Amino acid sequence: MNLHEYQGKEILNSFGVEIQRGIVAQTPAEAVEAAKKLTEETGTGWHVIKAQVHAGGRGKGGGVKLAKNLKEVEEIAGDIIGMNLVTPQTSKEGKKVNQVLITEDVYYPGDSEPEEYYMSVLLNRATGKNMIMYSTEGGMNIETVAEETPHLIFNEEVDPSLGLMPFQARRVAFNLGLSGKAFKQMTKFVTALYKAYTESDSSLFEINPVLKTSDDKIIAVDAKVTLDDNALFRHKDYAAMRDIREENPVEVEAREAGLSYVDLDGNVGCMVNGAGLAMATMDLIKQAGGEPANFLDVGGTADAERVETAFNLILKDPSVKAILVNIFGGIVRCDRVAQGIVDAYKNMGNIDVPIIVRLQGTNADKAKELIDNSGLAVESAVEFQEAADKVHAVLS
Ligand code: GDP
Ligand code: MN
């Protein structure tokens with residue numbers, strides 16, 4: 001689950017990571033109130049207005065702006081709230097901005113040498129260890145740094161049984177070229193950041209930029225946080241941070257129905273029980289010359305209701321040209337699933353894309369009979385290859 005910048009910063013702050021202070025606002029009037037409060041608390045004269053959407057590169061798209069007085073705060077907040085923000089990380093249509101973060105200005109006027117670093121914490125799947133990835137080249141796209149100046153990106157891998165060792169935090173500060181107070185502040189920052197990452201059960205932290213001010217403060221100016229969905233049950237307060245306005249509406253609906261659904265770019269909708277079979281089915285679709293339009297695991301209990309919900313979800317995607325149902329009847333009997341498909345089909349009236357159904361396992365024969373005799377435009381297949389051939393036939 002992805003978080004907004006302001007939510008990510010809240011989590012960082014709760015673990016003692018220094019952050020650029022801010023208050024979220026839904027309206028220009030709230031933005032002005034927030035700015036006044038920040039001036040009282042931090043003494044800041046200028047403020048930054050930052051669009052809160054689940055996408056990076058906001059600065060480039062005009063979603064991060066500096067305001068030098070309260071009138072500008074109000075004007076800029078008015079411009080940004082409600083705008084469709086297009087950044088290198090959004091689609092062409094962009095993302096609607098529902099709220100802004102008003103922050104203190106941490107780039108002091110007249111500070112000619114603020115340093116910006118890049119820092120992320122993530123799992124290195126090749127070694128099975130968490131790592132801190134960091135660079136002297138902050139504030140810019142890290143993919144570009146990786147391509148053009150890979151020697152400026154450093155990694156610190158953490159042994160899971162030891163955790164982050166003090167010498168490792170010092171090495172980070174050293175590699176970033178720091179000394180004196182800034183060195184100390186950076187080791188504190190890294191230590192707190194790593195603790196926040198592990199204790200919040202996150203799968204990604206990306207702080208770009210981490211700022212060093214001329215008076216040697218180390219501050220998180222941005223925060224991209226991805227939490228591990230499978231650990232949300234033990235962080236009820238984080239789970240409540242979900243903003244479904246930022247998520248794919250079909251995926252939200254699927255989650256609410258207890259189905260596991262991931263939207264993809266292809267043209268063949270799939271309905272499968274079991275994640276492994278779903279992966280194999282997606283391979284099958286590719287071999288047949290199609291592209292899966294989604295990953296959908298209806299789970300072990302594929303009854304009529306779930307099947308109907310699943311059909312509904314798949315059909316919401318206008319690029320779907322065919323649907324492949326591939327169900328293994330182990331716990332659930334194939335004939336019951338077949339009946340579910342027939343019922344769902346009848347309930348829904350006219351489904352105008354071809355449907356190929358492969359039911360294998362307990363009572364597969366009965367299931368095939370049911371489908372073949374239903375009088376509906378549903379094709380049945382028994383073998384995997386047969387299903388693939390039928391998908392190929394309807395696509396060509
Ligand atoms: P992103 O573009 O979505 O990554 O958003 P960021 O939060 O990283 O902000 C974009 C850029 O805005 C940063 O790289 C900074 O250069 C600038 N910025 C952020 N905070 C401040 C601030 O307090 N003062 C000034 N002057 N610039 C800021
Ligand atoms: Mn950023």
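Colleague: Which protein atoms are the donors of the manganese ion, ligand 2?

Modeller: They're N208 (O) and D222 (OD), lying 2.2 Å from the ion. Donors here are N, O and S atoms within 2.8 Å of the metal (3.2 Å for Na, K and Ca), and water is not among the atoms, so sites may look incomplete. N208 lies in strand β10 (residues 202-212) and D222 in the loop between β11 (218-220) and β12 (224-227), so the pair ties together parts 14 residues apart in sequence. Helices (H or I, at least four residues) and strands (E, at least two) are DSSP runs, numbered from the N terminus. It's a predicted model: local features need pLDDT of at least 70, side-chain atom pairs count only at pLDDT 80 or more, and totals for chains, interfaces and linings use all residues. Residues are numbered from 1 along each chain as its sequence is written, chains are lettered from A and ligands numbered from 1 in the order written, and side-chain values use heavy atoms, with hydrogens and water left out.

Colleague: New topic: what polar contacts does ligand 1 have?

Modeller: Among them, a polar side-chain atom of K50 lies 2.6 Å from an oxygen atom of ligand 1, and one of R58 lies 2.7 Å from a ligand oxygen. A polar contact with the ligand is a pair of N or O atoms within 3.5 Å.

Colleague: And N208?

Modeller: A backbone N or O atom of N208 lies 3.1 Å from an oxygen atom of ligand 1.

Methods:
Polar contact = N/O pair within 3.5 Å; in protein donor to acceptor, adjacent residues only side chain to side chain.
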